[in-house]
Each structure stands twice: as structure tokens, then as C-alpha cells.
Amino acid sequence: MVSPEGQKITKRFFDAVEALIAHKAIRGQKTLSTELGVENSSMYKIKNHPETYALKPEYIRYISLKYGVSADWVITGKGKMFY
């Protein structure tokens with residue numbers, strides 16, 4: 001079971017992924033899954049069942065370093081999505 005706060009972090013992570021897709025920084029979730037070296041089905045489970053499947057911190061680090069997503073925003077919800 002993932003805590004309510006962990007579920008909020010997961011939601012913000014995928015909100016950032018959707019923003020990256022909208023800004024054409026990545027093609028889609030499958031592209032990100034490939035970059036992370038994880039099966040797209042695993043990402044699908046995390047996104048659609050955040051109460052059961054936990055987001056790995058490495059994923060947050062990756063989108064922060066590669067795409068400029070604020071790790072602070074993903075974790076706390078404070079500040080701007082991108083830095």
C-alpha cells in the first residue's frame with residue numbers, strides 16, 4: 001500500500017510527463033519508459049494504480065536532470081513544475 005502522500009507524488013510525476021508530451025519534449029510515456037529502461041506496462045501500473053505501485057525516486061531524478069522538471073515540485077507540490 002502506498003501512502004496518500006506517495007500517491008500525490010506519483011500524480012505530480014505523471015502530470016509532468018503529460019506536460020513534457022504536450023511540449024513535445026518526449027513522444028509519449030512509452031518513450032520515457034524506454035529511456036528509463038523499464039517496461040511500459042510497469043509505468044502504466046504505477047500511473048493507474050498509485051495506491052498499489054510505488055514510483056521509484058530514480059524516475060524523478062531522471063526527468064529532473066534530463067528535462068528540467070523540478071524534483072522539489074514533484075515531491076512537495078510547491079514552486080514551479082519546471083526550473
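Contact here means heavy atoms within 4.5 Å. Keep that cut-off in mind for the close-ups below, which come from a predicted model.

**View 1. Met43 and the residues around it.** Setting aside residues up to four places away in sequence, Met43 touches Phe13, Phe14, Gln29, Leu32, Ser33, Leu36, Val38 and Tyr59. Met43 also turns up among the residues that touch the most other members of the largest nonpolar core.

**View 2. The largest nonpolar core.** This core has 20 residues, and Phe13, Leu32, Met43 and Tyr59 are the ones touching the most other members. Two or more residues come from each of helix H1 (4–22), H2, helix H3 (40–48), helix H4 (57–67) and helix H5 (71–76). H1 is the top contributor, giving six residues. As background, nonpolar side chains in soluble globular proteins tend to be buried together.

**View 3. Where H1 packs on H3.** The axes of H1 and H3 sit 9 Å apart, at an angle of about 120°, which means H1 is oblique to H3. On the H1 side, the contact is made by Thr10, Phe13, Phe14 and Glu18, while H3 brings in Met43, Ile46 and Lys47. Sort the residues of this contact by type and you get four nonpolar, one polar and two charged.

**View 4. Leu36 in helix H2.** Leu36 belongs to H2, which covers residues 29–36. Leaving out neighbours within four places in sequence, Leu36 is in contact with Met43, Tyr59 and Tyr62. Look for Ile63 as well: Leu36 and Ile63 are 27 residues apart along the chain, with 9.5 Å between their C-alpha atoms.

Note on methods:
Residues are numbered from 1 along each chain as its sequence is written. This is a predicted model: local features need pLDDT of at least 70, side-chain atom pairs count only at pLDDT 80 or more; totals for chains, interfaces and linings use all residues. Side-chain values use heavy atoms; hydrogens and water are left out. Helices (H or I, at least four residues) and strands (E, at least two) are DSSP runs, numbered from the N terminus. A nonpolar core is a set of buried Ala, Val, Leu, Ile, Met, Phe, Trp, Tyr and Cys residues joined through side-chain atoms within 4.5 Å. Buried means under 20% relative accessible area, exposed over 50%, partly exposed in between (1.4 Å probe, protein chains only). Axes are lines fitted to C-alpha atoms, for helices over the stretch in contact, and angles run from 0 to 180 degrees between N-to-C directions. Angles under 35 degrees count as roughly parallel, over 145 as roughly antiparallel, 65 to 115 as roughly perpendicular and the rest as oblique. Ala, Val, Leu, Ile, Met, Phe, Trp, Tyr, Cys and Pro count as nonpolar, Asp, Glu, Lys and Arg as charged, and the others, Gly among them, as polar.
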